[in-house]
Amino acid sequence: MRSIFICALLVIAIPSTAGLTCRGNCGTVLEECSCHPSCVTLMSCCADYNQSCFQLDPHSSCMLGGRALQVLGLVLQPGSQLLCRFKGEIERDGFIDAEGQAYCVSPLLYETGWITLDLSMDGKHFDRSAEFLSVHPSKADRVLEVALVNGTQWQYYGTPNVTGRLKMTWNSSLIRADRVNVELWGYREVDRGGAAGAKGSSSLRAELSYLYSVGRNLPNSGGFSFTPEPKEGYSQWELGNIRITSHAEADGAKDVVALWSAAHVLAWHLEQSFRDNSSAWAQHKCLQWDVLEKKASDFLSELMDCPCTLAQARADTGRFHTDYSCNIESGSVCTYHPGSAHCVRAIQASPVHGSGQQCCYDITGALMMTGDSAGAGTPDRAHDWGSPPYGEPPHVPGYSHWLYDVMSFCYCCLWSDHCQIYLKHRPSSECHKYQPPKTGVVLGDPHFITFDGLQYTFNGRGEYHLVSSPHRELSVQARTEQVKLKNGTLVKATRLSSVAMKEKASDVIEVRLAEGRLQVLRNQKVLPFTEQKWMDLHGVFVFVPGPENVTVSFSSGTGVEVRLHEGTMAVTVLLPVEFSNRTLGLFGVMNSDQSDDLMTQHGAVVSADAPPEEIFTFGGGWSISNQSSLFTYDSAYLLDLYVHSSHGAAFVPDFSLPERPDDPLVSDVSAMCSGEGASFCKYDTLTTGSLSVGSATLRAYQRYRDVMNALQPVVSCGWLPTPKNGKKDGTRYLQGTTLSFSCDEGYTQYGSTERTCLCDGSWTGEQPQCVTDDVLGFVLGAVGSLSVLFTMAVMVKLHIRKRSRLRKRKPDQTETQGQIC
């Protein structure tokens with residue numbers, strides 16, 4: 001009985017004592033205290049929060065691993081035990097330096113995104129945690145990379161006239177050793193031997209393996225060169241990386257401190273037959289690939305069409321992102337796409353095959369086609385940025401794309417003259433089916449422009465549904481605060497201070513004002529962008545090119561752009577046409593009809609001409625509840641203003657414009673606020689008494705107009721081929737374009753010399769052909785003979801029908817008809 005009584009006490013005690021510790025509870029808000037990062041500012045942390053929930057420095061690592069991640073706040077005795085477990089499954093020994101600082105070395109992964117890291121001090125209990133960002137190799141910090149000097153030499157080594165020593169460099173301070181080893185690692189995707197992957201998704205397994213050492217026991221001088229020799233036993237490895245480690249590490253040791261080169265084709269170690277006749281070797285490989293592609297599944301049909309113009313491609317940030325290998329903002333160095341000025345990639349991989357779309361544009365902004373130029377964009381069987389479930393082929397970020405799309409390009413286009421085979425399987429996309437997204441924006445103090453273009457002002461203070469689409473499981477929420485001038489004066493107007501968003505089961509992303517900058521949060525935790533500009537998160541991508549610009553892209557193609565203008569936020573939401581008649585909220589119903597844009601949650605419609613007080617009531621009706629809120633409340637100020645109060649119900653703005661003839665700003669406003677957006681500019685300037693606020697509003701409005709102009713729909717008539725033995729003048733295929741055709745000397749043109757793209761998407765005229773006079777005479781003669789025979793046959797048939805009709809008529813009718821004829 002005594003034992004039973006003690007056990008009962010323990011059972012009762014466990015729930016109450018468990019709430020006092022963050023061990024195994026990091027990120028959770030407990031009943032008595034919190035283990036969520038917000039507890040620091042709310043001063044509600046459990047006593048052991050700092051000893052259980054850690055931050056790492058650095059907080060990111062290339063997915064190839066090898067970076068030492070310091071566990072901040074954890075100090076141990078040198079020689080103490082430290083075990084690091086990544087993703088709940090990969091266990092590696094950590095190490096402790098002479099000062100007692102604890103480190104875990106990031107492991108080789110085949111995925112990107114935030115990775116969990118659990119720590120154990122006794123080898124049994126992994127009850128302390130942190131997380132780090134696994135980064136796509138091409139987006140990793142170049143300072144941490146082994147640089148392959150003269151990449152062209154590495155890529156073409158062994159082809160005619162490409163020989164010599166290959167050179168590499170690295171930052172020697174990043175390897176804490178006097179001597180180093182230089183290793184070659186190879187990547188391939190091998191059969192699992194009948195065992196399927198997770199959920200039966202793939203029968204292949206990704207494998208990055210140590211092959212051999214290029215140099216051992218070398219001085220850590222930051223540079224090394226060598227003359228490569230063919231490696232007959234390793235020539236099946238055609239893709240790989242150089243890795244540099246301390247000489248103290250065993251050859252091929254996994255998950256140790258190391259520096260990696262970029263992935264590259266291993267032309268420099270292929271068998272002797274490649275060096276003897278690289279063109280013939282590559283042709284054989286290209287033809288083998290051609291056979292495999294003909295048997296492979298069709299992935300082209302599920303790719304979205306490219307935008308028709310460069311302007312559309314750059315403005316459609318929800319679905320397309322700059323391809324860094326060809327970027328107009330960095331000088332358009334387009335090595336793989338000569339003649340292109342800018343390329344973009346579809347952000348999301350295709351739903352079934354995980355494939356990717358690539359679109360390239362010339363200097364005029366026209367979409368380039370592989371039928372005109374080998375420098376045009378080509379689709380990818382494997383998306384370069386990978387796709388869930390990531391770790392399994394063909395979804396491995398970067399590497400699957402190299403195997404399925406880049407290696408074949410080397411075979412067919414770079415090392416042999418058979419690019420037509422490659423382009424046959426990777427034709428560039430047209431833009432017939434491309435439909436630009438619809439755009440809604442909120443800017444200034446604050447002014448709203450719905451997806452259908454209706455403009456109105458709503459100066460509520462609180463948190464509201466900007467876009468709500470239950471059918472698509474999308475929610476974009478906006479928070480507003482009262483405007484405070486630089487002198488501390490509060491005015492009766494509001495401005496955006498935060499926007500939070502989520503789609504289906506994605507991470508919750510919030511972008512808010514913080515000390516004059518934009519701050520990004522993921523699931524209520526601040527995201528650091530000091531090491532990365534791009535983050536691949538769960539169901540969402542976030543791009544932060546600077547402190548005043550954030551772009552969020554969801555799986556549906558929804559894009560949310562947040563920009564900062566003179567301390568005032570502007571938010572633009574871009575929705576694909578699939579959201580038509582599927583939106584509610586302050587941005588209205590997206591259906592090209594402004595009359596129902598001011599629809600309340602109860603289905604009533606407010607007139608756009610309604611007085612400001614009625615518009616204010618309409619906007620307030622879209623306030624969110626505490627239960628539906630996506631926002632973070634990590635300060636007493638936010639809790640008091642937005643959680644414990646009724647969303648600013650007591651706040652009433654100035655409904656009339658405070659315009660007085662003696663106001664010294666009036667003349668300046670008249671000079672500054674002109675053209676489109678002038679009314680918003682004027683309102684904000686006079687309401688806040690600040691010319692800079694009005695100027696920022698005007699710039700935000702002009703930015704909106706620029707996006708709208710860029711996304712104007714255009715009509716494409718589709719690509720037209722150049723006639724064999726002829727020429728085509730022009731490579732633009734949009735409405736109003738006229739293409740001219742001509743034939744080479746000795747050939748006669750048959751068909752139209754000009755064809756014009758009409759507004760219905762069709763071309764005038766007929767496709768021209770260029771033939772010799774002999775062939776033309778033969779064709780015309782044959783056509784003429786056939787025409788005579790066809791005409792005679794028609795006449796005979798008509799004559800027979802006529803006689804048949806005459807027989808059926810009465811004799812007098814027949815006689816009369818005959819007399820008329």
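# A tour of the cores, salt bridges and disulfides

Select Ser 469 to begin: beyond its neighbours within four places in sequence, Ser 469 is in contact with Leu 474, Phe 579 and Arg 582. The model on screen is predicted. Ser 469 sits in strand 24, residues 463-469, and counts as buried because its relative accessibility is 1%.

**Nonpolar cores**

Next, select Leu 466, Val 571 and Val 573. Among the 51 residues of the largest nonpolar core, these three touch the most other members. Strand 34 (residues 568-575) gives this core its largest share, 4 residues. Now show what surrounds Val 571. Neighbours within four places aside, Val 571 has contacts that include Leu 466, Leu 496, Val 499, Val 560, Val 562 and Phe 587. Gly 440, Val 441, Val 442 and Glu 561 are also in contact with Val 571. Another core, of 34 residues, lies apart from this one, and Tyr 187, Ala 206, Ala 258 and Cys 413 are among its members.

**Salt bridges**

The structure has 35 salt bridges. Select Glu 531 and Arg 67, whose side chains form one with an N to O distance of 3.9 Å. This pair links distant parts of the chain, 464 residues apart. Glu 531 is in the loop between strand 29 (525-526) and strand 30 (534-537), while Arg 67 is in the loop between strand 2 (60-62) and strand 3 (68-75). Glu 531 is partly exposed at 25% relative accessibility, and Arg 67 is partly exposed at 23%.

Move to Lys 285 and Glu 238, a salt bridge of 2.9 Å, N to O. Lys 285 belongs to helix 6 (residues 278-295) and Glu 238 to the loop between strand 14 (223-226) and strand 15 (239-246), so the bridge ties together parts 47 residues apart in sequence. Lys 285 counts as partly exposed at 22% relative accessibility, whereas Glu 238 is buried at 12%.

Then select Arg 512 and Asp 634, whose closest N and O atoms are 2.8 Å apart in a salt bridge. Arg 512 is in strand 27 (residues 509-514) and Asp 634 in the loop between helix 10 (612-620) and helix 11 (636-643), so parts 122 residues apart in sequence are tied together. Arg 512 is buried, with a relative accessible area of 10%, and Asp 634 is buried at 12%. For a network, select Glu 131, Asp 507, Arg 522 and Lys 525, which are joined by salt bridges that share partners.

The model contains 14 disulfides. Start with Cys 26 and Cys 53, joined with an S to S distance of 2.0 Å. The torsion about their S-S bond is about -100°, so this disulfide is left-handed. Cys 26 is partly exposed, with a relative accessible area of 27%, and Cys 53 is buried at 11%.

Select Cys 306 and Cys 359, a disulfide with 2.0 Å from S to S. Their link is left-handed, with -90° about the S-S bond. Cys 306 lies in the loop between helix 6 and helix 7 (310-315) and Cys 359 in strand 20 (residues 358-361), so the pair connects parts 53 residues apart in sequence. Cys 306 and Cys 359 are both buried.

Last, find two cysteines without a bonded partner. The sulfur of Cys 62 is too far for a bond, because the closest cysteine sulfur, in Cys 104, is 18 Å away. Cys 759 is in no disulfide either, the nearest cysteine sulfur being that of Cys 717 at 8.8 Å. Cys 759 is exposed, with a relative accessible area of 59%.

Conventions:
Residues are numbered from 1 along each chain as its sequence is written. This is a predicted model: local features need pLDDT of at least 70, side-chain atom pairs count only at pLDDT 80 or more; totals for chains, interfaces and linings use all residues. Side-chain values use heavy atoms; hydrogens and water are left out. Helices (H or I, at least four residues) and strands (E, at least two) are DSSP runs, numbered from the N terminus. Buried means under 20% relative accessible area, exposed over 50%, partly exposed in between (1.4 Å probe, protein chains only). Contact means heavy atoms within 4.5 Å. A nonpolar core is a set of buried Ala, Val, Leu, Ile, Met, Phe, Trp, Tyr and Cys residues joined through side-chain atoms within 4.5 Å. A salt bridge is a side-chain nitrogen of Lys or Arg within 4 Å of a carboxyl oxygen of Asp or Glu. A disulfide is a pair of cysteine sulfur atoms within 2.5 Å.
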